[in-house]
Amino acid sequence: MHKLKGIKRLNKFLINMKWDDGLDATVKIAELRKACPCEECGIARNNPPNPLALPVIKNGEFEIEKVEPIGNYALKFTYKDGHDGGYYTWDLLREICEANALPPDEIERLEAAANSDPTPQSNHCSGDDSKHDPDDPRCCHDIPD
Ligand SMILES: [Zn+2]
C-alpha cells in the first residue's frame, strides 16, 4: 500500500498530494468531493437523479474548509457547504490521484483562474510557506511516518 507523505491546498480548485513512491499529483477538489466515501454520497451515486432535472450545485460544495489527518491511514475533509464526508483512506486517495492527476497546462489554467477570483481565500496558505501555519488544522499537512 502506498503512503501519503503530504497534502497541500494550492488554491480553491486544486489540491496536491505527494506519495512515498514519488508520485506527485495535483487533482481538482471537485474530484475529491465526487469520490466522497460517506454513506450519503454513496447512495446518491447509486441513485442518479432524474436526467431531466437541473443539476443542483451547492455553494461551497467543491471547496475545502478543513483537512484533518485521521491517525496514519486517512484524511477527513470538511467542505465549505458543511459536508464532512467520512474518511478518505490512503487507498482511496491514491485511486483518486491516479485517475485524476492533472497535466501541467491544466494546473496552470486553474491557477490563473483562482488568482483572478477576487473572493478572499481563507484558512490556508495557498502553498505560500511564509503564510503556512502548521498548527492550524485547516492548513496543509505533512504526514508523519
Ligand atoms: Zn459525502
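Helices (H or I, at least four residues) and strands (E, at least two) are DSSP runs, numbered from the N terminus.

This is a predicted model, in which local features need pLDDT of at least 70, side-chain atom pairs count only at pLDDT 80 or more, and totals for chains, interfaces and linings use all residues. Residues are numbered from 1 along each chain as its sequence is written.

**The buried side of H3**

Now select Leu93, Arg94, Ile96 and Cys97, the buried residues of H3 (residues 90-100). They sit on the same side of H3 because they cover an arc of only 160° around the axis. That arc is taken from the directions from the helix axis to the C-beta atoms.

What covers these residues? Show strands E1 (4-9), E2 (14-19) and E3 (24-28), helix H1 (29-34), and strands E5 (74-79) and E6 (84-89): the cover includes them. Contact here means C-beta atoms, placed from the backbone, within 7 Å.

**The sheet beside it**

Keep E5 and E6 on screen. H3 lies across both, running at about 90° to E6. Axes are lines fitted to C-alpha atoms, for helices over the stretch in contact, and angles run from 0 to 180 degrees between N-to-C directions.

The open sheet has three strands, ordered E4-E5-E6, with antiparallel pairing. E4 (64-70) and E6 are the edge strands, each pairing on one side only. From one strand to the next, the twist averages 20°. Strands pair if DSSP finds at least two bridges between them; E5 and E6 have four, in the antiparallel sense. Zoom in on Ala74, which stands opposite Thr89 in E6.

**Ile107**

Move to helix H4 (residues 104-115) and pick Ile107. Is Ile107 buried or partly exposed? It counts as partly exposed, because it has 19 C-beta neighbours inside 10 Å. Leaving out residues up to four places away in sequence, Ile107 touches Leu14, Thr26 and Leu102. Select Val27 too: Ile107 and Val27 are 80 residues apart in sequence, yet 8.5 Å apart in space, C-alpha to C-alpha.

**Zoom out**

Color by secondary structure. The protein has four helices and seven strands, running β-β-β-α-α-β-β-β-α-α-β from the N terminus on. Of its 145 residues, 18% count as buried. Among contacts with a separation of 6 or more, 53% join residues 24 or more positions apart.

Terms used
Buried ≥ 20, exposed ≤ 12 C-beta atoms within 10 Å, placed from the backbone. Contact = placed C-beta atoms within 7 Å.
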